[in-house]
Amino acid sequence: MSDHSGQQLTAREMVRAHAYPALAALSTISLLAIALLQIPGAVKAHRYNQCIDAQVALRQASNLTGQDGPGKLIDLKAVQHCEGL
């Protein structure tokens, strides 16, 4: 604290001087922890999407008629397979 020039700081001044950096560090650490905790869920969702895409492509290769569009049997069976049912 250059404005105090060798004076002893009181407890209140110490809190005021260090509160912002301490809270900023805590906020940064919390943000990093939250971001790291999101990684497993993102990986799971990515693998699930890849499984759905692969199953839909595999089932469309059989050329079933009337199975175009969302909510059709191909999509439902792909979801069932990827969820392990």
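Okay, let's start at A78. Setting aside neighbours within four places in sequence, A78 is in contact with I52, Q55, V56 and R59, where contact means heavy atoms within 4.5 Å.

Quick caveats before I go on. This is a predicted model, so local features need pLDDT of at least 70 and side-chain atom pairs count only at pLDDT 80 or more, while totals for chains, interfaces and linings use all residues. Residues are numbered from 1 along each chain as its sequence is written, and side-chain values use heavy atoms, with hydrogens and water left out.

Buried is under 20% relative accessible area, exposed is over 50%, and partly exposed is in between, with a 1.4 Å probe and protein chains only. Helices here are DSSP runs of H or I, at least four residues, numbered from the N terminus.

Next, the sulfurs. We count 1 disulfide, that is, a pair of cysteine sulfur atoms within 2.5 Å. What does C51 pair with? C51 is joined to C82, S to S 2.0 Å, and the link is left-handed, at -95 degrees about the S-S bond. C51 sits in helix 1 and C82 in helix 2, so the pair ties together parts 31 residues apart in sequence. C51 is partly exposed at 24% relative accessible area, whereas C82 is buried at 18%.

Conventions. Helix = DSSP H or I, 4+ residues; strand = E, 2+ residues; numbered from the N terminus.
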